Amino acid sequence: SEPPRALRIALRAEPRTFNPVTALDAVSTSVTALMHAELFRIDARTQDAVPELAERLDGPDASGQFTLTLRTGIAYPDGEPFGADDVVFSLAVFQDPEVGSSQVQALRVGGQPIAATAIDDHHVRLGLAGPHPDPARLLAGVAMLPRHRLERAYRERRLASVWTLADPPDAIVGLG
């Protein structure tokens, strides 16, 4: 069995939430960025979007669609595998204007949200309403959420009230 691990960071204030969807203040976003992983991240040195949970992004194909290939063998700390359904769910959540995410406008191309469809467990089809010079960059900064833990709260429109400071640590599941 693994020994318990602790995350310690020095900040000037307390985070307001551990929910990456509703985190708007600098402290909360700093903490949630450590707790959750992204498909791509921006390399601080090169400023390129580099794969993190994704293996690659291919396309566009003749129909203008992209195919996102995910790394295999990734699991949440509770043992559930990370896969295409989590990507589709995460993009739906972050693009839903009712949720209150700060990413709603950033994830639009041609005024439209990114369309995401699971092809299989490790591939997602992405449709953009227009051309974009670097689609992987669009996906950088979008925390991948565990669908198995958050789908019910999302359907019940109470996603903003989950992963608060009052929740026990084992209730919060991320890939960071």
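Helices (H or I, at least four residues) and strands (E, at least two) are DSSP runs, numbered from the N terminus. Residues count from 1 along each chain as its sequence is written. The model is predicted, so local features need pLDDT of at least 70, side-chain atom pairs count only at pLDDT 80 or more, and totals for chains, interfaces and linings use all residues, while side-chain values use heavy atoms, with hydrogens and water left out.

**Exercise 1. Check the span of helix α2 (residues 84-95), then ask how covered α2 is.**

Step 1: the expected span is 1.5 Å times one less than the number of residues. The 12 residues of α2 should therefore span 16 Å; the end C-alpha atoms are 17 Å apart, which agrees.
Step 2: nine of the 12 residues are buried, so call α2 mostly covered.
Step 3: contact means heavy atoms within 4.5 Å. The elements covering the buried residues include β4 (65-70), β7 (115-120), β8 (123-127) and α4 (147-155).
Step 4: zoom in on Ser 90, which is in α2 and buried at 0% relative accessible area. Setting aside residues up to four places away in sequence, Ser 90 touches Ala 143, Met 144 and Leu 145.

**Exercise 2. Describe how α2 and α4 pack.**

Step 1: axes are lines fitted to C-alpha atoms, for helices over the stretch in contact, with angles from 0 to 180 degrees between N-to-C directions. On that basis, α2 and α4 pack at about 35 degrees with axes 10 Å apart.
Step 2: a crossing is left-handed if the near helix is turned anticlockwise from the far one by less than a right angle, and right-handed if clockwise. The one between α2 and α4 is left-handed.
Step 3: residues of α2 at the meeting include Asp 85, Phe 89 and Val 93, and those of α4 include Arg 147, Leu 150 and Tyr 154.

**Exercise 3. List the aromatic pairs and classify each one.**

Step 1: rings of Phe, Tyr and Trp (its six-membered ring) pair if their centres lie within 6.5 Å; planes under 30 degrees apart are stacked, over 60 edge-to-face, and the rest tilted. A search of the whole structure gives two pairs.
Step 2: Tyr 76 and Phe 82 have ring centres 6.3 Å apart and planes at 75 degrees, so they're edge-to-face.
Step 3: Phe 89 and Tyr 154 come out at 5.7 Å and 90 degrees, so this pair is edge-to-face too. Phe 89 is in α2 and Tyr 154 in α4, so the pair ties together parts 65 residues apart in sequence.

How values were computed:
Buried means under 20% relative accessible area, exposed over 50%, partly exposed in between (1.4 Å probe, protein chains only).
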